[in-house]
Amino acid sequence: MTEKVRDTSFQKRKANYKPSIWNYDFLLQSLTSKYSEEKYTTKAKKLKEDLSILFEDKNSDYRLSILRLVDSIRKLGLAKYFQEEIKGYLLKALLIIRFPEICSSTASVGEDDDLYVTALCFRLLRQFGYRAPQASSEIFQGFVNETGKFKTNTDFNEEELMELFEASNMGCEGENIMDEARFFCIQNLEAMDHVLPTQWTAEWFNLKKQISAYEKECDTRNHKLSELARLNFNIIQAAHQQDLKEILRWWMNLEIRKKLSFSRDRIVESFLYAGGVAYEPQHGSLRKCLTKVIKLVLVIDDLFDVYGSFEHLQCFTNSVNSWMPEEVVNLPECMQLCFWTLYNTTSEISVEIQKEKGWNSVLPHLQKAWGEFCESLLLEAKWDEEGYTPSLQEYLENGFISSSGPLVSLHIIFGVENPTSSKTLSEILLENKDIIYYTSLIIRLCNDQGTSTEERKRGEAPSSIFCCMSESNVTEDIAREHIKSIITMAWRKINGYHCMFGDEPIKHYLTNAARVAHFIYQHGDGFRVQDRERVLSNLIEPL
Ligand SMILES: CC(C)=CCC/C(C)=C/COP(=O)(O)OP(=O)(O)O
Ligand SMILES: [Mg+2]
C-alpha cells in the first residue's frame with residue numbers, strides 16, 4: 001500500500017465551470033415520445049416498401065438523377081433502408097459513365113463528364129466504400145493542367161466547386177491531385193476554411209438540417225421519401241430519449257455528483273456526443289456505455305487539470321493502474337469517490353459487454369486503457385508542475401492518449417463487434433491500430449483548437465498550439481494553421497484505410513469519434529458552453 005499522502009484539501013486552480021443548465025427531474029418528465037410505439041416502425045417499413053418504385057423508374061437511368069437520388073437518400077439518413085438498391089444503382093451509374101453507348105439515355109456523355117458529376121460520383125463511391133475506376137483520383141486528371149494545377153481558365157460555378165471540395169476531402173495520402181483540389185476550392189470559394197466537409201461531419205447532428213433542406217427542393221423532392229426521413233428521425237429520437245432517461249437516473253443516483261464542485265456537470269452533452277458516434281436505435285447499449293465513459297473522462301480530466309496536487313494524482317494513477325481500492329484510502333474524499341465510481345462503473349460495463357456481446361475477460365482490457373489514460377494525464381500534470389514545454393512531437397505522443405481516443409475506441413470495438421467473428425480482440429486492435437491513432441490525434445487537435453486559449457489563461461499544461469508556437473517561434477495564427485494541416489493529414493490517412501477496407505462497421509464507428517470531435521470543438525469548447533438549442537433539436541423536439 002502507498003504511504004500516507006499529505007491531506008491537503010486544496011484545489012489546484014479554478015476552472016469556473018458554470019452549473020448545468022438542465023433540470024434533470026424536469027428533463028426526465030419531458031422525455032416522452034409517441035414514436036416509440038410499434039405502429040410507427042411498421043409505418044416506416046410500409047413506406048420503405050412503397051418507395052421501392054423509385055428504383056424501378058425507367059426514366060431515371062440518367063446518371064445525374066441516379067447519383068442525386070443516392071446522395072439524397074444518404075443525406076436523409078436512409079441509406080441503411082436502401083442498401084441493396086443503392087449498390088445496384090451506383091453500379092448502374094458507373095456503367096453509364098464507362099460505357100455510354102450501351103445505355104439508352106441520351107444524356108450519357110461518358111468521358112466528357114463535367115466536374116460536378118465526376119466529383120459527385122467519386123465522393124459517393126468512396127463514401128459507400130466501393131472500389132471502382134471512378135473512385136480513383138485519376139478521374140480528375142482532365143481538370144488539371146500539365147503542372148498538376150486545376151485549370152483556371154474554366155469557369156466553374158459554385159455548385160461544382162462545392163462538390164469538388166466534398167470530393168477532395170475523401171482524398172488519401174499521396175493523392176496530390178486531391179490536395180490540389182482542396183486548395184483550389186478554398187482559394188476560389190469564399191470562407192471555405194470554416195466549412196466542415198461531409199466526411200468530417202457526424203451524420204446524426206446534421207440530419208434535421210438535411211431533411212429541411214431536402215424539403216425545400218421543390219422540383220426534385222419526393223414526398224414519401226421525406227415522410228420516411230422524418231419518421232426515421234423521430235423513431236431514432238424516441239430511442240435516444242429512453243436511453244437518456246436511463247443515463248440520467250444512473251447519474252442522479254451517483255454520490256459523486258454532489259461532491260464534484262470543481263468538475264463539469266455535462267451528462268446530457270456527454271450523451272448527445274455519444275449519440276453522434278452511434279445513433280442507430282440498435283446501438284443503445286454502446287451509446288449508454290460511451291456516455292458513462294465520456295462523463296468519467298471529464299471528471300478525471302478535471303481532477304488532473306484543476307483539482308489534484310501532483311502527489312495526489314500520482315497516488316490516484318497508481319490505484320487505477322493496480323486497480324486496487326486499498327491504494328486510495330489516503331486520498332481526499334472526492335478523489336476516493338472518483339476512483340470508486342470508475343471502479344464500479346467499469347466493472348458494470350464489462351459485465352454488460354460480456355452479457356450482450358459474448359466477449360470474455362473484458363475488464364482487464366478496460367482497466368489497462370484507463371490506466372494508460374491516467375498515465376498520460378499524469379505526464380501532462382508533471383509538465384504543468386515543472387513549467388516544462390514539450391516539443392510538438394513529444395506532446396502528441398502523449399496527447400493522443402490523453403484525448404481519450406484509445407479508451408473510447410476500445411469501448412466502440414466491444415460495442416460493435418462480437419466475438420463470434422473469426423478474429424481475436426488483439427487481432428482487431430492491431431488491425432485498427434492506425435485508425436484509432438489518427439482518430440485520437442484528431443480528437444486531441446480539435447480539442448486544443450477549441451480550448452487552448454482558455455486553458456492557457458488558467459495556466460494549465462501546454463496545448464499542441466502552444467508547443468508549436470514555442471518550438472518554432474511562430475505566432476498563434478501560424479501555429480493554428482499548422483495544427484489544421486495535421487488534422488487534414490490525419491483525415492487523409494483515415495480515408496486511406498476506408499479505401500483499402502471498404503466501409504466496415506468498426507472503422508465507420510471509430511471514425512465517427514473523430515467526426516464528433518470536430519462537432520464539439522468547431523465553435524469553441526462544447527463541453528464548457530452548453531448548447532441548449534442543439535440538445536432540444538436532437539433529443540427533445542421531433543420533426
Ligand atoms: C470526443 C471525446 C471523447 C471527447 C472528450 C475529450 C476530452 C479529453 C475532454 C476533456 O476536456 P478538456 O478540454 O479539458 O481536455 P484537456 O484537458 O485534455 O485539454
Ligand atoms: Mg482539461
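Guide: The shell around ligand 1 holds 19 residues, and the closest are Asp301, Ser404, Val408, Thr451 and Ala517. This is a predicted model, in which local features need pLDDT of at least 70 and side-chain atom pairs count only at pLDDT 80 or more, while totals for chains, interfaces and linings use all residues. Residues are numbered from 1 along each chain as its sequence is written, and chains are lettered from A and ligands numbered from 1 in the order in which they are written.

Visitor: What makes a residue near a molecule?

Guide: A residue is near a molecule if its C-beta atom, placed from the backbone, lies within 6 Å of that molecule.

Visitor: Which helix gives the most to the shell around ligand 1?

Guide: Helix 11 does, with 5 residues; helix 11 (284-307), helix 18 (433-457) and helix 21 (505-521) each supply at least two residues of that shell. Helices here are DSSP runs of H or I with at least four residues, and strands are runs of E with at least two, numbered from the N terminus. By that count the chain has 22 helices and 0 strands.

Visitor: Why is the chain called as compact as a globular protein of that length?

Guide: The globule rule is 2.2 Å times the number of residues to the power 0.38, and the radius of gyration is taken over C-alpha atoms. For 543 residues the rule gives 24 Å, and the radius of gyration of the chain is 25 Å, close to that value, so the chain is as compact as a globular protein of that length.
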